[in-house]
Amino acid sequence: MSELRGTLHYDVAIAGGGLVGASAARALAERGLKVALFERRYCGAQASGVNYGGVRCQGRPEEQLPLAMRARRVWDRLPALIGIDGEFIPSGHLRLARRESDLEPLDAWAAMAANYGLTSTVIRGAEFRRRFPWLGEGAVGGSLCMSDGHANPRLVSPAFARAARALGADVRERTPITSVAHDGVRFQLTAQPEQGETLHVSCDWLLNTAGAWANHIAGTFGERVPMHAIYPNMWVTEPLPKFVGHSLGVYGGGVYARQVERGNCVIGGGRGTGDGEYAQPSADTTRAVMREACALLPALRNALLIRTWSGVEGETPDDNPVIGMSRTTARLVHAFGFSGGGFLLAPGVGEVLADLVTHGETITPIDAFAVDRFAHRPHSACVTQQHS
Amino acid sequence: MIERAGPPPARQGADFTDAVIVGAGPAGIRAAQTLVAAGLRPIVLDENPRWGGQIYRQPPAHAGFTRSKQTLYGFEAAKAEAVHNAMSSLLPHVDYRPETLVWACDPRRLHTMHEGRETPVPFSHLIIASGATDRVLPLPGWTLPGVYTLGGAQVALKAQGCAIGERVVFAGTGPLLYLVAYQYAKAGANVAAVLDTSAFAAQARATPRLLSQPSTFAKGVYYVGWLRAHGVRVEHGVTLDSIEGAEAGDDIDGAAGVRAIRWLRDGREHSLECSAVGLGYGLRPETQLADLAGCRFVFDELNRCWLPARDAAGRTSCSGIYLAGDGAGIAGADAAELAGRRAALALLEDLGVAAPSMPDMPDAASIERKLAGIRRFREGIEQAFALPEAPAARWPDDMLVCRCEEISARTLRECVRVDGVSEINRLKALTRVGMGRCQGRMCGEAACHVLAEASGQALAQVGRLRAQAPIKPIPIAPMLFDENVATIPEEARDE
């Protein structure tokens, strides 16, 4: 079929310049494909850029571990891949137990994860107090995974986008895709830059990496999933003397905390508010999380809070992402719905997506993330399921 | 940002109690007076320990300060007296909460911090009279001990009765430059010079507009004349070059602090020894609360910044939320009194409550006429005391723009060059400029100038730093005492 005059053609078009889309763009460009990345605002300015920054394998469900371990290896190569380390610090991740009964599942998880080559050590009792004197009474023990760490989310996605561009990818920010269709041979897209003429694009492959907005594309191809928007609630203190040795989480969830090189403590937990498009932090949530955070880190009581923020992220009913080939449309690949846990995974997902495009398959098990796994659910779930 | 439109809860009659005023300067006080006269009992939240705002700031109570209002406020003593007395007489009729920082805003609810307690304050109607802060533009040496903003220098004198240094230079531009210099010299401080970056010719050209407020104009002329008559060096049309001295910890003999200021005039270099510098380029409206409340912003050419959109009465894009005073755009204390009353009248009108008749207080239409007249004067002020053209062009690469995060002009320029950044929030995300304790309140404007210059855009094009709660840094401990802390829902317990 003949193309419209002025149509741009690519091997792969990517919808959404978060960390998944940007790292896929880089990986595909490196493999010699002609790639375009369309981001309606700025690369990494949504969930990829405003999240907590945890690079954490520990605590993940078993089905995510092969992907997580692959992704974790990418983080060690950031300087070679994107020219910066993204302030990635393999500080270790300490997953805390708030009561004795939480220690048993931490042991069980450590045994399971060992099968995937992940080492974590459960510490309790007197040794726990001796090693972590800066932790308050709110924690009685914890599991330490030294290969985990944290990074600066504001830097990593833009650097992947920059690296993709340097390898020849056509990275177009402030350029939303306004229509998408498959003409039986190829995908036909239109995109409308904030400034300039409407773009007509055809491509052989389409990667749907649009995060909380990915259902717009999935729905177009009859694969809408029951995903809803969530708004993580984040805050940061003024710089404090260094005292938080590891990135922290708790068994059962509720609060997570880390201290950056400059001394600021970055803390998250609970939800902000939003309308699916914009997010705001919630003072009530901040207050609630402060109480939990100070029980774990008493030194925070004397600190000043300087900033709060939120972002928009997609969450699925089973908290697993959607990753893999479309069931309705050839050469359409989805990767979205990371449910608040995508930062570690994303650079690995970028490689997986590149595998799928270049080989039609990947060695990393992703069956658990199939787009049609929610098919038995009533379709209305995606509109009715909302947090209050 | 999210527009939080939608009608406020319907209430009728004079028992309405959910009207909240933020700020107890001239705008907030006149707004409160108007609401009380109509039978309302507003809550008045003020960050300061005593009412009066900045221009009519009162010294601490019970601290032994005995300077008269005439000494403190000069020509403005009678106005200060009137505003102070108005608030005194309102105290039984309002819920006045001094030393109360509003740190966040949800839809229809403020979050406040007072004496180590954290309290939410619901509102159905909100008048924001949040005032202004100094407009800070840096120059090399601006982080030295002994460099203050003009407003900070004035607060030190007015509230504390002390000067910022033994030998003080006031530099920058704007009416406050001369007023503070005059107040310092009058109080007996050693004012070495006033260095105005605006040309005298510009001030002469602005005279016709400035004469729309003849008495205010006369005062300005008087201050300059008084300073000259008392031997204070006054220079116009200077280009400030640098402040010299030693940072704390420098291995230079002598104490840390300012030693001298350097400037250019008519192509020649000048230098003057001094121990302190008061620096300022007019004022910057404090708009964070309006931003958090969801108000729509527009770029205002007169104020050279983004401001919440408002109509002539002070209504914002959010129903039930009103703006008054310098927080809505710099216009001075007289305009603030008028705008405070006008916003309160708008609130009453929207409530369906009749406007109260008050002696010496004009009606809505005549207030709006007077405010329009003051705007003409404001245009004259901006013409007379314009910001330096392209200030960032002079800033060397190694000058700190953001002192909290220690971000230099070089870092910002590199980011523009390497990443092609053209928008201020993006620059913030990638460089940390404006991410420290001040959250861009001090450095944001300078960062916008650097970005505009480095990316070849006009100031309006680089956007504005979005406000993020808290409006000022707040201690965490008070948050722990709230009895009504929510629990984190099970489905939101991420790790």
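Reader: What makes A:R186 count as partly exposed?

Author: Its relative accessibility is 24%. Buried means under 20% relative accessible area, exposed over 50%, and partly exposed in between (1.4 Å probe, protein chains only). The value falls in between, so A:R186 is partly exposed.

Reader: What should I know about the model itself?

Author: The model is predicted: local features need pLDDT of at least 70, side-chain atom pairs count only at pLDDT 80 or more, and totals for chains, interfaces and linings use all residues. Residues are numbered from 1 along each chain as its sequence is written, chains are lettered from A and ligands numbered from 1 in the order in which they are written, and side-chain values use heavy atoms, leaving out hydrogens and water.

Reader: Why are A:D204 and A:R186 called a salt bridge?

Author: The term asks for a side-chain nitrogen of Lys or Arg within 4 Å of a carboxyl oxygen of Asp or Glu. Here the N to O distance is 3.3 Å. The pair therefore qualifies. It links distant parts of chain A: A:D204 is in strand β11 (residues 199-208), and A:R186 is in the loop between β9 (177-182) and β10 (187-191), 18 residues apart. Strands (E, at least two residues) and helices (H or I, at least four) are DSSP runs, numbered from the N terminus.

Reader: Is A:D204 buried or exposed?

Author: A:D204 is buried, at 17% relative accessible area.

Reader: How do you know that B:D350 and B:R315 form a salt bridge?

Author: Their closest N and O atoms are 3.0 Å apart. B:D350 lies in helix α10 (residues 333-351) and B:R315 in the loop between β19 (305-308) and β20 (321-323), 35 residues apart in chain B. Both ends count as partly exposed: B:D350 has 42% relative accessibility, and B:R315 has 22%.

Reader: What ties helix α12 to helix α14 in chain B?

Author: A salt bridge between B:R413 and B:E453, with the closest N and O atoms 3.7 Å apart. B:R413 is in α12 (residues 409-419) and B:E453 in α14 (residues 444-455), so the pair ties together parts 40 residues apart in sequence. B:R413 counts as buried at 18%, whereas B:E453 counts as partly exposed at 34%.

Reader: How many salt bridges are there over all chains?

Author: The count comes to 57. Some join into a network, such as the one linking A:R31, A:R70, A:R77, A:E351 and A:D355.

Reader: How many aromatic pairs are there, and what makes B:F75 and B:Y222 edge-to-face?

Author: There are 17 aromatic pairs over all chains. B:F75 and B:Y222 lie 5.3 Å centre to centre, with 75° between the planes. Rings of Phe, Tyr and Trp (its six-membered ring) pair if their centres lie within 6.5 Å; planes under 30 degrees apart count as stacked, over 60 as edge-to-face and the rest as tilted.

Reader: Why is the pair of B:F75 and B:Y223 called tilted?

Author: B:F75 itself is partly exposed, at 44%. Its ring centre is 5.9 Å from that of B:Y223 and the planes stand at 45°, so the pair is tilted. B:F75 sits in the loop between α2 and α3 and B:Y223 in helix α8, 148 residues apart in chain B. B:Y223 is buried, at 8%.

Reader: Which residues form one aromatic cluster?

Author: B:F75, B:Y182, B:Y222, B:Y223 and B:W226.

Reader: How do you know that A:R40 sits over the ring of A:W213?

Author: The charged end of A:R40 is 4.4 Å from the ring centre. The rule asks for NZ of Lys or CZ of Arg within 6 Å of the ring centre and within 35 degrees of the ring normal. A:K34 likewise sits over the ring of A:Y10, 5.2 Å from its centre.
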